[in-house]
Amino acid sequence: MSSASTELVSLLQDLTRIESINPSLSAAGSGELEVARYLENYCRKRNLPCELHEVKDGRPNFITWIPGQYPDRRILFIAHTDTVPVDKWDTNPFSGEVRDGRIHGRGSCDTKGSLATMLTALSTLGERKPKATVVLVASIDEEFRKIGARAVADSGVAYEAAVVGEPTNLELVVAHKGSVRWQVEVEGVPAHSSRPHLGVNAITGMAKLVLALDAHNEVLNKRENALVGPPALTVSLIEGGIELTTVPPACRIWIDRRLTPGEPPQNALQEVEDIFESFRNGKDKIKVRSLLPALEDPAPKSAEGSRIAEVAANACANVAGTGKYIGAPWGTDASQLDGIPCVVIGPGSMAQAHTSNEFIDISQLDKAVEIYQQIMLNY
Ligand SMILES: [Zn+2]
């Protein structure tokens, strides 16, 4: 077993054992309440102040804090408590079992490892007083619409900077992608398929649009972004038709468009709208419409050049030999934090996130605590 304290290991084991699947992703998911209650109990025992802020239907954000020497300056540490569902696990996904220097279970890596190490960092500061007030939020719903982080941004409390906990292998992520997702419908005219010329085939129309969207993706792929790579568009779901012998009157797709920092969701939508317009007016006169509002997760502004990035780079370099600025293709709660400079750092690897048989290496936990503490004290 590695050096991480037994208290930290058992904290993360306990968190992993509490099933907190996002109920918006699986009807069987229990949501985040039990984790919040556990954290409340944990903080009470240690005389840390804490609050539960209900965001929606018995799903609270959990908040604890340490006042700084300059209480009006605030730095946010945030890690989410919900997980994705479980599917095809070889073992109990909520065992929290320690094996081969790893803690196993759904959420161990994404992102209860970050949460447990942030909380340990805060609760073991002891006599060392941070300059800015350190606020730790355990947020709900990161895996779906990020309404937990949204509530933090809308709370009226101002933060100078944020550290988002997600598995980065203790690397320093200063920029990541966002996304905009929406549904598109093509309307046709039904007819008996023995006389298809009397109908308008919505699937055939959609097929043309899908190929045009694929060509658009090729164009997007040429817009290189040094940190996060180019934007991308995926047609990720399709459905259409009503039965075997009817010309299909409707066909729908879902579009998942990944945004790079500085790319407004509205622009990405408009580019696709322009493609649709050419088909509406083209020889096929395809009746297509976007079903809005879209799900929008803007890509946060890159934290390059910010003070938090500088402080975090030093902490990562001191503790883990990391700290080079990197970008990531995935999204985080940072997309909802409205332009606060955000860095993403956490123990564990994205390679294990959302997989069957998720785990986290215990050897990274102490280092994560140390990195977070250096940031808390030096910001
Ligand atoms: Zn996550």
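A residue is buried if 20 or more other C-beta atoms lie within 10 Å of its own, exposed if 12 or fewer, and partly exposed in between, with C-beta atoms placed from the backbone. This is a predicted model: local features need pLDDT of at least 70, side-chain atom pairs count only at pLDDT 80 or more, and totals for chains, interfaces and linings use all residues. Residues are numbered from 1 along each chain as its sequence is written.

**Domains**
- The protein chain is assigned domain 1 (6-176 + 300-378) and domain 2 (178-297); the bounds come from an automatic or database domain assignment.
- Their C-alpha centres are 36 Å apart.
- Domain 1 gives 12 residues to the contact and domain 2 gives 10; two residues are in contact if their C-beta atoms, placed from the backbone, lie within 7 Å.
- On the domain 1 side, β8 (172-176) and β13 (325-328) supply at least two residues each. Strands (E, at least two residues) and helices (H or I, at least four) are DSSP runs, numbered from the N terminus.

**Cis peptide bonds**
- One joins aspartate 110 and threonine 111, with omega about -5 degrees. Threonine 111 belongs to helix α3 (residues 108-123).
- Another joins leucine 292 and proline 293, with omega about 10 degrees. Proline 293 sits in strand β12 (residues 287-297).

**Positive phi outside glycine**
- Lysine 88 has phi near 55 degrees. The loop between β3 (70-80) and β4 (98-99) holds lysine 88. Lysine 88 counts as exposed because it has 8 C-beta neighbours inside 10 Å.
- Asparagine 169 has phi of about 60 degrees. Asparagine 169 lies in the loop between β7 (161-164) and β8. With 15 other C-beta atoms within 10 Å, asparagine 169 is partly exposed.
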